[in-house]
2 protein chains.
Amino acid sequence: MAKNQKKQKRNPTPKLSKSEKRLAKWKARAKSLADELRVLTAPLAKKVIVSPLAPKDGFPLLPEIAGVEFAAAQAGVRYKGRRDVMLARLAPGSVIAGTFTRSATRSASVLDCQAKIGSKAGADRGADRGAAILVNSGNANAFTGRRGWISVETLAQSVAQKLDLLPSRVFTSSTGVIGEPLPHERIIDTLDSLIDGLAPDGITGAAQAIMTTDTFPKGAMAELEIGDQPVRIAGIAKGSGMIAPDMATMLVYIFTDATIGQRQLQSLVSRLTDSSFNCITVDSDTSTSDTLLVAATGQSAAPAIDDMRSADARGFAAALEGVMLDLAHQVVRDGEGATKFVGVTVTGAANNADAKRCALSIANSPLVKTAIAGEDPNWGRIVAAVGKSGAAADRDRLAIRFGQISVAAEGMADPDYVEADAAAYMKQDDLEIGVDLGLGRGKATVWTCDLTHRYIDINADYRS
Amino acid sequence: MAKNQKKQKRNPTPKLSKSEKRLAKWKARAKSLADELRVLTAPLAKKVIVSPLAPKDGFPLLPEIAGVEFAAAQAGVRYKGRRDVMLARLAPGSVIAGTFTRSATRSASVLDCQAKIGSKAGADRGADRGAAILVNSGNANAFTGRRGWISVETLAQSVAQKLDLLPSRVFTSSTGVIGEPLPHERIIDTLDSLIDGLAPDGITGAAQAIMTTDTFPKGAMAELEIGDQPVRIAGIAKGSGMIAPDMATMLVYIFTDATIGQRQLQSLVSRLTDSSFNCITVDSDTSTSDTLLVAATGQSAAPAIDDMRSADARGFAAALEGVMLDLAHQVVRDGEGATKFVGVTVTGAANNADAKRCALSIANSPLVKTAIAGEDPNWGRIVAAVGKSGAAADRDRLAIRFGQISVAAEGMADPDYVEADAAAYMKQDDLEIGVDLGLGRGKATVWTCDLTHRYIDINADYRS
């Protein structure tokens, strides 16, 4: 007895039950494995792993656009050993339209572009001498106070001087880390070699230079005929998560040789942005830098697009929309950690605005997105996302489908619904969620991706 | 040479470089480790792992409330081997107030409670015969069409009959899976034994019976004096994620022996809900079932609370607010996968509504939440969340702090900011993020948790 008591003193650990021991053993093993896994995978995480949803054929062959030349170079703004700055020179007579982030904390270069495009007098002023677009990656020049403005103005003036343009015709974008001053002198140091390198076929290098955490460069094109003459459109984009790690973020540049007035182009671009780039979401976070610029050089032999209701104008609009949607979808396909590309279509809403609100509520729901990652046809989460959206909805008229599989109708599970069918459908890479609210004629489609462990990896595990 | 060619034919694998080989080796090893890890951790995931943020002292000792009795039982609605239904009987004269989810797809029991409490005539009708609250877990009776209504009415009528109450004084809640008919007859089968078990000290069992994916039962209490006589408040809650896996979701029941009119209690509860339960977010998803009921039995010896501006009324309001905040914080501390409890306070907003909008935008941002999970003081993501919130903000007046550490001021990084200090601060379990918009006097505080791998585990990996 006394001996036992002594023993207990030496070893005062309380006795564990068999199952507690097993649990402790598992926990210890899992922890050590996780540690090992972490060490092993850290180098992998630094490698560029291409999104499984990337276009199978790689970067498309983009047509040259008469009146546009591109160059890319290594300025070493932040990244080493890769191109991080691109310059596009636009021929005299080019018109430029744009749409921008609505963030209240947008960057100096966004505000500068908006001022240059927004003022009616300014939009075309100096167009006869041409224009330029200068973009760097690695540093977003966002939340950098007065220094941010100085960087933008210095860059615009340097480019204007070297290319004999008005500074008001030089548009700059910066993407990358927020809150650090932009070392703009490094970019200025590369300007001469950038200008030397300007070439009509340089768009692929430009697409690579603007990447931050993108896992693949993004390009899209269209060709159409206006008055029997070819018109070409080519665009590039970067974006991967509305904001990549601390990168700020989506940039899109589209070029065409079409002849069109600035105001016509601007109203077309604004309208098409609403149904393309404003209909995608990766993680519901909005960037401080989102910029879309569309430049029309007017150098094709095709007649000018004047009447926006004409068949030619409609054809041009459809082609431009195709390029914008293609680029928007590629951004979602490169969404951080994405393994599924998901279209969410809401019909039967009281109006189009309600339909979009409801579709975005579904597309942004972490519970819907994790269910998709788990290939789980968990439609209860869709019901909840509809309910919270703020859109007019009547529970007892709601219908839900996955692809062509009817899941729920008239406010309850479809009696013919077989969960195994939906579970099989969810294994596809590309998915369609359909919701009919049964109230009116409003409709909208938005695109999103799933929410996976890799999103957490990218945004939480491998930093600081 | 010929021999070499032959060899190549037999083994046509292209030669890999040293670094490619190393990568392939890592990938293979990581994959096999990950597989092993998955197998090893799967049994762990099924164990109840208590949130690391759970109250260190466990479930609190709650005071008995004169005029309230509780019972809990196993009805087997969905779960086996645990209590899943609770009944509370309220003495004659009790008044009941409530607040509910604003979801457009809310459940039949929510709509029924709202109708019973909402109508001015109905709120007090039959109060002289007492009241009852019946709650089941395992099935939310949401999105179940007409069958859902039948379940609610059948349950209310059965309880009313057995306890000699008006059906309009029986309030029901259901929480659990969405979209499956509620097997209400199983609950009715347990009613006799529930009624036999009613006891003033049964609240702990009740708190356990309403749990779904909660990792700990939630209780809170307060005691105060009104006219030298003690008044007691005791409350229980369930919730873990705005919507747990496919569980729908937050339920709160608070009981007091105070004497107060129904209208006074309702207006107090509505006001306090806005600063407590409406200020928490786990994953931005809103439930179809959120219900808060507060019952006052009037059985304390303290004088009635009439004038809501009196010191007594203010004392009661402060005590009730304390209980509501405590329960609200416990829900966040049991947030799915939570490892950090985060208060986000916004000051200097144009008004209180803007402050709350801005605070919720930060608290709901997946990028802010993953940064917190990674213990990364990534303030650029806070800038972006402020920018997207829709609240009036001026980038150049914005100030941000982590705890007492000033990170940014006047629209740029604080010159005295040392990232290592902030990184050390982020290692704490409980964090404070402060944002001053520098515009006005509006302020708000909301509470949230981080977004971790375990959230993905719970919601994606271990289902279907």
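At what angle do helix α11 (residues 366-373) of chain A and α12(A) pack, and how far apart are their axes? Please continue from there to the surrounding sheet.

Modeller: The model is a predicted one. In it, α11(A), residues 366-373, packs against α12(A) at an angle of about 160°, and the two axes are 9 Å apart. An angle over 145 degrees counts as roughly antiparallel, and α11(A) and α12(A) are therefore roughly antiparallel to each other. Their crossing is left-handed. On the α11(A) side the contact is made by A:Leu367, A:Val368 and A:Ala371, which meet A:Arg381, A:Ile382 and A:Ala385 of α12(A). Sorted by class, this contact between α11(A) and α12(A) holds five nonpolar residues, no polar residue and one charged residue.

Helix α12(A), residues 379-388, also packs with helix α10(A), residues 352-364. Here the angle is about 135° and the axes are 8 Å apart. The pair α10(A) and α12(A) is therefore oblique, and the crossing is right-handed. From α10(A), the residues A:Cys358, A:Ser361 and A:Ile362 meet A:Ile382, A:Ala385, A:Val386 and A:Lys388 of α12(A). The contact of α10(A) with α12(A) comprises five nonpolar residues, one polar and one charged.

Helix α12(A) lies across β14, β15 (405-409) and β17 of chain A, and its direction makes about 50° with β17(A). These strands belong to an open sheet of seven strands in chain A, ordered β11-β18-β13-β17-β14-β15-β16, with mixed pairing. At its edges stand β11(A) and β16(A), the latter at 412-413; each has a single partner strand, so one side of each is left without a neighbour in the sheet.

Strand β17(A) shows both senses of pairing. With β14(A), residues 399-402, the strand β17(A), residues 430-436, runs antiparallel, and four bridges join the two. Within that pair, A:Ala399 has A:Asp436 as its bridge partner, while A:Phe402 stands opposite A:Ile433. With β13(A), by contrast, β17(A) pairs in the parallel sense over seven bridges. There A:Gly343 is partnered by A:Glu432 of β17(A).

A further helix, α9(A), lies across β11, β13 (341-349) and β18 (442-449) of chain A, at about 45° to β18(A). The domain assignment of chain A gives domain 1 as 68-333 and domain 2 as 341-461. The C-alpha centres of these two domains of chain A lie 33 Å apart, and nine residues of domain 1 are in contact with eleven residues of domain 2. On the domain 1 side, the elements giving two or more residues are β11 (280-281) and α9 (311-333) of chain A. Of the elements there, α9(A) gives the most, with three residues. By class, that side of domain 1 has five nonpolar residues, three polar and one charged.

Strands β13(B), residues 399-402, and β16(B), residues 430-436, pair in the antiparallel sense over four bridges, and B:Ala399 stands opposite B:Asp436 in β16(B).

Notes. Residues numbered from 1 in each chain as written. Chains lettered and ligands numbered in written order. Predicted model: local features only at pLDDT ≥ 70, side-chain atom pairs only at ≥ 80, totals over all residues. Axes fitted to C-alpha atoms, helices over the stretch in contact; angles between N-to-C directions. Parallel < 35°, antiparallel > 145°, perpendicular 65-115°, else oblique. Left-handed = near helix turned anticlockwise from the far one by under 90°. Contact = placed C-beta atoms within 7 Å. Nonpolar A, V, L, I, M, F, W, Y, C, P; charged D, E, K, R; others polar. Domains from an automatic or database assignment. Pairing = 2+ DSSP bridges.
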